[in-house]
Amino acid sequence: MENIYKPYLAEIKEIIDETPDTKTFRLQLKDPEVAKTFNFKAGQFAEYGVFGEGESTFCIASSPTRPEMIECSFKVYGKVTQALRRLNEGDTIGFRGPYGNWFPLEEQKGKNVVFIAGGIGLAPVRCVIDNVLDWRKDYKDITIIYGARSIGDLVYKYKLKEWRDRPDVKTIITVDPGGESDGWDGEVGFVPTIVEKIAPKAENTIAVICGPPVMIKFTMPVLKKLGFSDENIFTTLENRMKCGLGKCGRCNVGGVYVCKDGPVFNYAQLKELPDEF
Amino acid sequence: MEEKIISKQNLVKLCADIIGGGHILIAPGKTEYVVTQDASQIVLDTQSKPTKASYKTFVFPKAEPVLYYKRGKNDVQILDAGPEQKKTVIIGAKPCDTNSFNILSKVFNWDYKDDFYNYRVKNFIVIGMMCEFSDRYCFCTSVGSSPVSEKGSDIFLIPLDADNFAVRIVTDKGKEFIDAYSKYLTDGNPSKSKEVSEKVKHPEVAFDSKQVHDWLAKNFEHPKWDGVGDMCLSCAQCAFVCPVCHCFDIVDEDYSYTEGRRMKNWDGCQFGHFTLHASGHNPRDIQGKRYRQRVNHKFKYYVDKFGEILCTGCGRCSRGCAVSIDIKEIVANCKD
Amino acid sequence: MEELRKLAKELLENKTVAAVLGYVEIEPKRTKPIVITNPEDAEKLVFNEYCLNNLAVYLTKARIKNLAKQNGSVLKLGIVAKPCDIHAIIALIQESQLKREDVYIIGMNCGGVAKDFGLEYGADTLASKCVPCETHKPLYSDTTLGAEKETPKVSDEVLDKIRALEKMTYVERFAYFKKEFDKCIKCYACRAACPLCYCQRCITDKTIPRWIESSPHSRGNFSWNVVRAFHLSGRCIGCGECERACPMDIPLSLLNRRMTETAKEAFAYVSGRSLETPTLVGSFDVKDSDELFM
Ligand SMILES: Cc1cc2nc3c(=O)[nH]c(=O)nc-3n(C[C@H](O)[C@H](O)[C@H](O)COP(=O)(O)OP(=O)(O)OC[C@H]3O[C@@H](n4cnc5c(N)ncnc54)[C@H](O)[C@@H]3O)c2cc1C
Ligand code: SF4
Ligand code: SF4
Ligand code: SF4
Ligand code: SF4
Ligand code: SF4
Ligand code: FES
């Protein structure tokens, strides 16, 4: 009998404090056989479990092109994420995955890519960015627009630096008005405003967008104005999940199992769904 | 397939043999399907009311450990859990229950395979029985079944007279099973049982499920959902007694400082916290939306995805609802 | 019945109430709850021995409460209520969930209701909650309707069962309740149907820490059913809705009734009987005996 609910064990190799309430874990699967064959695609997620507390859903934030470590970043909310926060390097957690679909990166080769992210929404996008950067020659212009409420809320500061330092990537970092402080050399303004200002061209371009609902709500009209079609705008849905396997019924939006048929959707697909996410 | 006859006395002996053989035998009790130790106590009455809850708990238990864990200093050990591999026989199941595994198997196998469920079903023998009960809540005939449907039964019983049952052998699994008890059976005459089954009164067809499906596709937003929602109490009685509702929760529970187990427990979409995000956002924040999900999942989404209606028409959810919300009536009114 | 319909229509028309919670007949011997806002619908209302629901459960529901808010002003909610339902309304007022002026109580004189829908009403089919009922007439109402009626006199089986359980040893009693609670599937219909289980966040839903195991197995069920009974002790008004709602036929009223009897004996207190008395918990006195509930 195969037990689909049984996780792998993973060791926390490194913990990075991103913001006061967001942490990144760098994980290694304990079973060397599993670790050797484990693979996933950009955009997939997993269930991370603290035994005795439960499991929580996070995307895999690291790129499949860098398989040494599995990374996830989480914001502390409830039971499981609070328990995860209490863990230390060297501790063991459960890991079930990878689950769900992925960004169609292979199919989009030869195009320009615009990444737009807000707050912790950079986690799912980061994996795609690193993947695309590792396949740099396959894509044309790459633009990253990332914003957070304040400087302190920006995640992956080490990544942001790496991307900004690359001449072959246009990286714009912004904080909401009032979130800046002396010496801030990035932009100040809400993400939609910045997107409008940068005005990436829509022709032969796909956009990947993730962030808080308000950010998405106000960025979408900007993208439409710039000429992006619904099929070329991708995002991930975040519905409450338990099994990740298309069984428990929790993640359904209409007839769609977000955990199986998603979490990655383009806007044409989202428009087909009932307004229940 | 084949048809045999068994006398009531022999049926009791057969049941006693099943129990004696170390198998689990389930039969309809007063209000529930119960595991039976005493074959002589079994009452097979075609006119009995459907039990309050279905027997899905025997293949998809209300609470089931999926693994056990033991925490060390910074290590964890996982011990596998699994279903008991015991042959289970249910006798006297109503047609509106027997069809449930066909429907449930779809979701438990459409991609990942849930072997907790599969292994139980594999070891399950369903002996269905014709039904002569019908009340305002029954609607098996509206969802493609009937009081004489053999769908989902391995063996199907039809009472011929006060002392004998016709035994229709429906599946190979049923044949293999019943062959072991052939000494209790005599040869049957299908035309006789057919005569009986054709006389059974069928509940009136309340709606055309295809039309309902198409109406639902166009009426996601409709004032009727709020109307139902305002009276509905948000319990999950309707989901928990349903033979084909299959939503569950996964929770960890410690039973000592270092040990515990991960449980898979029934859950239902009528609970407000079912879809509540940790951030406080809830895509189905009011009861009307949750009831809409219930109807849509059953009569539209599941049909689109798996080709089956997620409902056997047993009427349990309505019969048991504290505020008399009647799914048949609601679905029958899913029309312009 | 006609006076009920006429009154409801008037109340809606002259905007005394924004809505009326009442009963409609869906077939002979069977009713269901309804909320009406249109005066025309008043003619659907009925009242008879098959009005089993306690409609007070709706008075704390957000969307029902919102009905009262109309164009800036707040109207009353009308409710068709049996004397026992009125006990629930009083208890809700005592517990500050409701203000007396929020509701217009259409009190019904009552000679008891049936155990279940579809049964011929009579001494054999009298709902068990009606057996000990001493009220029969609304204790509070804005209008009282219907003729006073006699309730069939039958023996109090629930109390007899409680007395029998009290005579058992602790082990026997535990075994009895374990067997009953094992049937529980944690559908929470008992909680949903109870007018006094109005907590926005029930203790069973709290996960940090988890007080009550959510699993429907012996341990989780015991903690749920016992904790629920404790939370309702001195508060339960005995409407029996929890037991009626329970799909697994768990005799919840044995617990609730026992708690009620205890409160009655020790403090001469019965929940939901008087707007002048504070709640039992609210009137805690250090001199109170604490050996009662175990
Ligand atoms: C596909 C996907 C990817 C995600 N990626 C990330 C990520 O990279 N980083 C991040 O911080 N968050 C992410 N989330 C959200 C994250 O899953 C929840 O914030 C988290 O589960 C909250 O758990 P908790 O234990 O703190 O909350 P509690 O409310 O205590 O959660 C209890 C249970 O509820 C479930 N749950 C609660 N909220 C959510 C939610 N919003 N989404 C899904 N399940 C929920 C969990 O399964 C958990 O077991 C993602 C969600 C999905 C569906
Ligand atoms: S329909 Fe009835 S059983 Fe279902 S949640 Fe609503 S009140 Fe409960
Ligand atoms: S939805 Fe109701 S009628 Fe349909 S199968 Fe479930 S319990 Fe039976
Ligand atoms: S109706 Fe609700 S509880 Fe039943 S299977 Fe569908 S989503 Fe789950
Ligand atoms: S506990 Fe039961 S009997 Fe008591 S008020 Fe609540 S529903 Fe009524
Ligand atoms: S209604 Fe009955 S089965 Fe449901 S939770 Fe309450 S006691 Fe348990
Ligand atoms: S998370 Fe369980 S079905 Fe999608």
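## Residue classes and model basis

Ala, Val, Leu, Ile, Met, Phe, Trp, Tyr, Cys and Pro count as nonpolar, Asp, Glu, Lys and Arg as charged, and the others, Gly among them, as polar. This is a predicted model, in which local features need pLDDT of at least 70 and side-chain atom pairs count only at pLDDT 80 or more, while totals for chains, interfaces and linings use all residues. Residues are numbered from 1 along each chain as its sequence is written, chains are lettered from A and ligands numbered from 1 in the order in which they are written, and side-chain values use heavy atoms, leaving out hydrogens and water.

## Ligand 4 in chain B

The shell around ligand 4 divides into five nonpolar, four polar and two charged residues. A residue is near a molecule if one of its heavy atoms lies within 4 Å of it. Cys245(B), His246(B), Cys247(B) and Cys269(B) are among the residues around ligand 4.

Helices (H or I, at least four residues) and strands (E, at least two) are DSSP runs, numbered from the N terminus.

## Ligand 5 in chain C

Around ligand 5 the shell has seven nonpolar, three polar and two charged residues. It includes Cys194(C), Cys236(C), Cys239(C) and Cys242(C). Arg228(C) and Glu241(C) also belong to it. Helix H7 (218-232) and helix H8 (241-245) of chain C each supply at least two residues.

## Two domains of chain B

Chain B is assigned domain 1 (2-198) and domain 2 (209-332); the bounds come from an automatic or database domain assignment. Their contact (heavy atoms within 4.5 Å) takes 42 residues from domain 1 and 45 residues from domain 2. Taken over C-alpha atoms, the domain centres are 25 Å apart.

The two domains bury about 3,900 Å² between them, 58% of it on carbon and sulfur atoms. Buried area is the accessible area (1.4 Å probe) that two parts lose on being put together, summed over both.

## Across the domain interface

Seven salt bridges link domain 1 of chain B and domain 2 of chain B. Each is a side-chain nitrogen of Lys or Arg within 4 Å of a carboxyl oxygen of Asp or Glu. Asp97(B) pairs this way with Arg316(B), with the closest N and O atoms 2.8 Å apart.

On the side of domain 1 that touches domain 2, strand S4 (63-71), helix H2 (95-98) and helix H3 (100-109) of chain B give two or more residues each. S4(B) brings the largest share, nine residues. By class, this side has 24 nonpolar, six polar and 12 charged residues.
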